[in-house]
Amino acid sequence: MGVAAETEALLAAKFEVILPHLNERQRRLLMGAEARALGHGGIAAVARAAGVRAATVSLGVDELEAGAEPLSRVRRPGGGRKRLVEVNSGLRAALLALVEPDTRGDPMSPLRWTTLSTRRLARELTGQGHRISADTVADLLRQEGFSLQGNVKTLEGKQNPDRDTQFRYLNEQVKAHQAAGQPVISVDTKKKELIGEFKTAGRQWRPAGRPVQVAVHDFPDRDLGKAIPYGVYDLAADSGWVNVGTDHDTAAFAVESIRRWWNGAGQGTYPDARRLLITADAGGSNGYRTRAWKAELAMLAEQTGLEITVCHFPPGTSKWNRIEHRLFCHITMNWQAKPLTSHEVIVQTIAATTTTTGLSVHAELDTGRYATGVSISDAHMATLPITSHDWHGEWNYTLLPAWPTATPDPATTATSTLRDDPDDRAWLAHPALTGLPRREWGQLIDRLALLRHDQREADLRRQRGGPRKVAAGTGRHPRLTLPERLLITVLHQRLGLPQAVLADLFQVTLMTANRAIRQIEPLLDRAGYTITPTQKRLYSASDLTAYALSTGAFPQKINSAS
């Protein structure tokens with residue numbers, strides 16, 4: 001007995017609504033269940049109502065009668081199209097030969113010097129007769145244990161066998177100084193930063209579609225230049241001091257940064273300090289091979305009365321320097337995605353750096369000039385009050401606060417006379433020191449006096465916002481005369497005398513000496529005069545008077561008095 005036409009019509013209407021929402025196996029089981037319910041002739045009737053082959057309905061009946069557990073998949077395991085690696089046995093080897101040409105396959109692979117993207121790999125494999133898509137290439141690579149990875153900075157080059165022992169020695173020195181209440185600082189130069197509308201790494205929240213516009217190319221701006229942040233991190237106080245230079249990263253700049261930290265913060269934090277421990281990298285302006293670094297530190301020890309001990313990190317281990325993780329990283333995060341448009345922006349951004357653990361940072365701008373190519377002779381090094389430690393004396397050494405003098409030194413006696421009697425400073429204008437005959441020196445002073453008058457009047461007018469209201473010549477007079485400011489500038493740039501030594505020589509503050517140099521330099525440029533540095537570099541007042549004695553620049557009365 002067949003199935004009635006009305007029943008087939010009802011099934012057709014039901015299947016039309018339900019079947020589009022089911023997967024292949026679910027449709028097959030539904031049709032098999034309806035066929036079993038109809039009995040004899042049900043398979044043919046359901047096949048006609050659903051518009052499928054009778055064999056499909058019969059397969060559904062068989063699956064129901066088999067009593068199998070419900071499956072979580074449409075097809076049985078092993079069903080469907082075979083994988084490419086099963087059909088093409090050479091595909092996997094061909095792919096590995098492309099991605100690992102050094103170990104598996106031809107080292108002259110066509111993709112050896114290109115980016116190994118999945119699309120490029122798929123195109124190359126297809127060209128070799130292995131037809132494959134980029135997605136399948138990605139699946140095969142993951143199966144072989146590959147993943148997208150960047151570079152990892154782990155190669156440190158040749159390691160010194162005493163590296164770990166030096167770390168332990170440095171740590172013992174830090175603990176000993178801190179236990180005694182003596183200051184311990186970590187120093188280093190941060191990456192130089194371009195000044196201007198340049199891109200900085202990182203992202204920050206802004207209105208959608210309105211990023212900060214920056215320059216396409218990172219070419220330094222000739223007028224704005226660059227910034228050189230030199231950091232001093234106090235380990236015990238969790239505080240940083242950053243001296244932002246504008247000239248060169250030299251040993252003199254590094255020690256000047258430490259000097260500013262000591263005068264501005266260290267001396268107040270450690271009023272009873274007698275020793276100072278500095279931990280520094282093995283290279284750079286504060287490297288253990290840099291003679292100028294040790295000569296400048298010797299001068300700092302003499303000026304501060306501190307016994308300065310330096311412990312260097314072994315070569316290739318600069319990333320372990322505390323200042324990198326405690327100070328510099330926070331500064332970098334603080335100015336991420338912010339163009340460093342001026343030195344003021346850099347100084348203010350550094351000074352605003354804080355952490356939840358209490359880090360505080362002071363920053364200031366250093367516009368001083370620092371000569372490069374300074375050479376320290378063997379004879380000068382032999383006079384430094386430096387004591388090498390028993391353990392790796394090249395990495396660990398101490399500079400004493402006093403220069404050894406077995407007998408009275410004529411240069412030292414003359415220097416004391418110079419400080420006590422300012423009228424005797426006239427000999428500093430000797431041609432052997434200034435590089436100019438007396439007549440030309442006087443002409444240069446007269447020329448600069450006119451330029452300085454115009455410069456000063458313009459500065460005062462800008463500060464007042466209009467013409468002067470009182471007679472010229474009133475008000476506070478400068479501590480240094482124009483000839484004295486010119487002398488400070490010439491002695492600093494021509495002979496390399498540090499600003500701190502010149503400030504002590506002329507009995508003014510370091511800031512006053514620095515301001516004098518910054519005032520005179522643009523006047524010299526406008527006058528068309530260039531100061532040519534000599535090969536002889538001086539580092540102390542004793543060096544200056546000794547050099548003056550050797551060149552005949554010293555006046556006879558002082559020379560005879562010594």
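Visitor: What share of the contacts between residues at least 6 apart in sequence join residues at least 24 apart?
Guide: In this predicted model, the share is 72%.

Visitor: And how many helices and strands are there?
Guide: The protein chain has 22 helices and nine strands.

Visitor: What percentage of the residues count as buried?
Guide: Of 562 residues in the protein chain, 40% are buried.

Visitor: Helices next. At what angle do H1 and H2 pack?
Guide: About 165°. H1 covers residues 5-18 and H2 covers residues 24-38. Their axes lie 12 Å apart. Angles over 145 degrees count as roughly antiparallel, so H1 is roughly antiparallel to H2.

Visitor: Which residues make that contact between H1 and H2?
Guide: H1 supplies Thr7, Leu11, Lys14, Phe15 and Ile18. From H2 come Leu30, Met31, Glu34 and Leu38. By class, that is six nonpolar, one polar and two charged residues.

Visitor: Is the H1 and H2 crossing left-handed or right-handed?
Guide: Right-handed.

Visitor: What about H2 with H4? What's the angle there?
Guide: About 85°, with the axes 7 Å apart. H4 spans residues 54-66. That angle makes H2 roughly perpendicular to H4.

Visitor: Which residues touch between H2 and H4?
Guide: On H2, they include Arg25, Arg28, Met31 and Arg36. On H4, Val57, Leu59, Glu63 and Glu65 are among them. The class count for this contact is eight nonpolar, three polar and five charged residues.

Visitor: Do E5 and E6 pair in the parallel or antiparallel sense?
Guide: Parallel, over six bridges. E5 is residues 275-280. Thr279 has Cys311 in E6 as its bridge partner.

Visitor: And E6 with E9, parallel or antiparallel?
Guide: Antiparallel, over four bridges. Thr309 stands opposite Thr398 in E9.

Visitor: How many bridges join E8 to E9?
Guide: Three, and the two strands run antiparallel. E8 is residues 386-388. Ile386 is opposite Leu399 in E9.

Visitor: Which E9 residues sit on which side?
Guide: Side chains in a regular strand alternate between the two faces of the sheet. In E9, residues 396-399, Asn396 and Thr398 are on one side. Tyr397 and Leu399 are on the other. All four of these are buried, and both faces of E9 are covered.

Methods:
Residues are numbered from 1 along each chain as its sequence is written. This is a predicted model: local features need pLDDT of at least 70, side-chain atom pairs count only at pLDDT 80 or more; totals for chains, interfaces and linings use all residues. Side-chain values use heavy atoms; hydrogens and water are left out. Axes are lines fitted to C-alpha atoms, for helices over the stretch in contact, and angles run from 0 to 180 degrees between N-to-C directions. Angles under 35 degrees count as roughly parallel, over 145 as roughly antiparallel, 65 to 115 as roughly perpendicular and the rest as oblique. A crossing is left-handed if the near helix is turned anticlockwise from the far one by less than a right angle, and right-handed if clockwise. Contact means heavy atoms within 4.5 Å. Ala, Val, Leu, Ile, Met, Phe, Trp, Tyr, Cys and Pro count as nonpolar, Asp, Glu, Lys and Arg as charged, and the others, Gly among them, as polar. Two strands pair if DSSP finds at least two bridges between them. Buried means under 20% relative accessible area, exposed over 50%, partly exposed in between (1.4 Å probe, protein chains only).
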